Every structure is written in structure tokens, then in C-alpha cells.
Amino acid sequence: MSVAKKDYKRITTKSLIEMKANGEKISMLTAYDYTMAKIVDSSGVDVILVGDSASNVMAGHETTLPITLDQMIYHASSVVRAAERALVVVDLPFGSYQSDPREALRSSIRIMKESGGHAVKLEGGKEIKESIKKILNAGIPVMGHLGLTPQSIYKFGTYTVRAKEEAEAEKLIEDAKMLEKVGCFALVLEKIPSSLAKKVAETISIPVIGIGAGSGVDGQVLVLHDMIGMTHEFSPRFLRRYMNLYEDMTKAIGQYVDDVKSVDFPNANEQY
Ligand code: KIV
């Protein structure tokens, strides 16, 4: 049974702000291809994130850094073709926005024009303020991303919880306020203490969507392949696995191999 407070035919950035105001939590999941996005969209997920986690999940890279803008546009256009209800947010990949605001705008325009995505997401705070303003001025909705920002993994050195120290927590709050002030429609907070995430969600009026940031925020996001247990090596504490597809698929595919080898497949009804 759905616990949604209002039936939205199509989720927009405005719907998300309305959900926060009505106390309705926002559900967000990643997807990178048409078939998965079709399932995610028809399951009632509010926001589909074409995350640069595609670099890990789809391409097998260790970090999110190698994925290119062209590859993100390919993934995003497949997802957009599937999404009838969800808002589709697309990550700007590493190297496509950090050098200057004009580059950030050019990359965002390419995403919007070539994939049909509805908004872009960028990692960072005041360092990228001018880029965010430039993108917003062109009429492109922007989602922020603070806390653990995987594109900066080589600066952090580890994927451990961020903003445990006061100075980093204060900077994060200032960055969140700035993102709200310049006009971002929502913000992702990744892997920070739940008390800090709650404080941010209570301080700013735009929706705060958490991953490893506790229940005091306005919504949750997970990487689809982790949540359905297709990946199995990655087990952070914040992850809830709803299925164990790695095991189920391995069994099913193993059975297929046996059936082919033993000529059990195809049987008389499975041929012409
Ligand atoms: O790329 C991604 O999947 C993300 C989420 C973890 C928020 O940015």
C-alpha cells in the first residue's frame, strides 16, 4: 500500500519542495539504463538519479572519476526514455565543471539537450558557487551534493564518515545555506552524522536527501544495484539490501549452464 500523501502524475522540482512542506519523504534511487529505469519508475520512485556511480556499477572502475560526459549522456538518455513519472537528475561527471563556470554551463547544456534529463547534480560548496549560479541562470535546475563527495576521494583519502569535526560541520552548514540561497532545488548529503544532517534539513527550506545521513532528512537515496543486492562486495552500515540478486542470479545462471550442458534445455516445447 502506498503511503504517498499526494498522487503526482509527473514529479517536478516543485513537487519535491511541496513534499518537504507537507512532510512527505522523498524516495530517490539510481538507474543507468532503460530496463532498470522502467522498473524503478513504475515502482513509484520520485527521483531517478543517473549517478556517476555508473562508473563503479556499470563500468567496474574503482572510483567515479573516469566516467566521461559522453558516457553520462548515453546513460541518461536511456533512463529518460523509460521515466514517465520520476524526475530525472543527472550527475555532472568529474572534469566537466570544475575548471570554470562556462565549462560547467556548457556541460549542463549538453546533458539537458542531448539526454533530455530534467536537472543536474554537482558535488561541492562555495568552491563551485559561481558555476552553480551560471547553470541556474540558464534555467537549468541544480541539485547540490555535500558531505562525502566521491569525486574528491583522492583529497579525502578514505570513504569514511565526513564532517565529524566541528570545523567541517560548520562549513557544511554554510555551504548548504549558500546552495539554498543561490537557488538549488534540493541537496544530497552523503555519509555524515545523522544529527548534523537533521540540523541541515531543519535549517534550509529545500529538500535534503540523505545517503548514510540518518532519518532526520527529507528523503533517502541509494544506489539501485546495492539496494537490490546485485553488488555484494560493498556493505556499508547505511545500506539496506532488499533482495539478494547476486545470489539468485548466480544460481539461475548456473542452472542454465547445467541445463545446456546436459541438453535439458531446450526441451521439445522450446524449439520449432
Ligand atoms: O552517483 C551516485 O550514485 C550518487 C549517489 C550516491 C547520491 O551521487
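Which residues does Asp-91 touch, not counting residues up to four places away in sequence? Select Asp-91 and show its contacts (heavy atoms within 4.5 Å): Leu-49, Val-50, Gly-51, Asp-52, Met-72, Ile-111 and Lys-121.

Before going on, note that this is a predicted model, in which local features need pLDDT of at least 70, side-chain atom pairs count only at pLDDT 80 or more, and totals for chains, interfaces and linings use all residues. Residues are numbered from 1 along each chain as its sequence is written, and side-chain values use heavy atoms, leaving out hydrogens and water.

Asp-91 belongs to strand 3, residues 87–91 (strands are DSSP runs of E, at least two residues, and helices runs of H or I, at least four, numbered from the N terminus). Asp-91 counts as buried because its relative accessibility is 2% (buried is under 20% relative accessible area, exposed over 50%, partly exposed in between, with a 1.4 Å probe and protein chains only).

Next, select Lys-121 in strand 4, residues 119–121. Lys-121 is also buried, at 2% relative accessibility. Among the residues that Lys-121 touches are Leu-49, Val-89, Met-143 and His-145.

Finally, select helix 2, residues 34–42, where Met-36, Ala-37, Val-40 and Asp-41 are buried. The face turned away from the buried side of helix 2 carries the exposed Thr-35 and Ser-42. After helix 2 comes Gly-44, with a positive phi near 95 degrees.
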